[in-house]
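Visitor: Please pick one part of this model and take me through it closely, with the cut-offs behind each term.

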Amino acid sequence: MMVPVRCFTCGNVVAEHWEAFDERANEGDEDPEEVLDELGVERYCCRRMLVSHKDLVDVVSPYQ
């Protein structure tokens with residue numbers, strides 16, 4: 001599975017947040033917005049990229 005390394009818009013490194021975000025978002029107990037707040041992802045473009053990537057991976061992964 002492809003892990004996002006950099007934000008497509010601003011170029012910030014987001015790979016360091018991906019594992020923690022993916023694990024906590026899969027648990028379903030926490031809102032993705034709260035998880036990103038706690039991880040320190042503040043820029044809208046980076047947040048959007050992580051959330052949209054998470055949604056796409058869940059749809060595409062059964063076909064790998």
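Guide: Let's start at C45, which sits in helix α3, spanning residues 44-60; a helix here is a DSSP run of H or I with at least four residues, numbered from the N terminus. Residue numbers start from 1 along each chain as its sequence is written, and the model is predicted, with local features needing pLDDT of at least 70 and side-chain atom pairs pLDDT 80 or more, while totals for chains, interfaces and linings use all residues. Side-chain values use heavy atoms, without hydrogens or water.

C45 has a relative accessible area of 10%, so it is buried (under 20%; exposed is over 50%, partly exposed in between, with a 1.4 Å probe and protein chains only). Setting aside residues up to four places away in sequence, C45 touches C7, T9 and C10, where contact means heavy atoms within 4.5 Å. With C10, the C-alpha to C-alpha separation is 7.2 Å, across 35 residues of sequence.

V14 lies in the segment before α1, and its relative accessibility is 2%, so V14 is buried. The C-alpha atoms of V14 and R47 are 9.1 Å apart, though 33 residues separate them along the chain.

Next comes α1 itself, residues 15-27, which packs with α2, residues 32-39, at an angle of about 150° and with the axes 10 Å apart. Axes are lines fitted to C-alpha atoms, for helices over the stretch in contact, and angles run from 0 to 180 degrees between N-to-C directions. That angle makes α1 and α2 roughly antiparallel (over 145 degrees; under 35 is roughly parallel, 65 to 115 roughly perpendicular, the rest oblique). On the α1 side, the contact is made by H17, A20, F21 and R24, and on the α2 side by P32, V35, L36, E38 and L39. These residues divide into 6 nonpolar, 1 polar and 2 charged, with Ala, Val, Leu, Ile, Met, Phe, Trp, Tyr, Cys and Pro as nonpolar, Asp, Glu, Lys and Arg as charged, and the others, Gly among them, as polar.

Rings of Phe, Tyr and Trp (its six-membered ring) pair with centres within 6.5 Å, and planes under 30 degrees apart are stacked, over 60 edge-to-face, the rest tilted. Searching the whole structure gives 1 aromatic pair. W18 and F21 are 3 residues apart in α1, about one turn of the helix, and both are buried.

Note on methods:
Helices (H or I, at least four residues) and strands (E, at least two) are DSSP runs, numbered from the N terminus.
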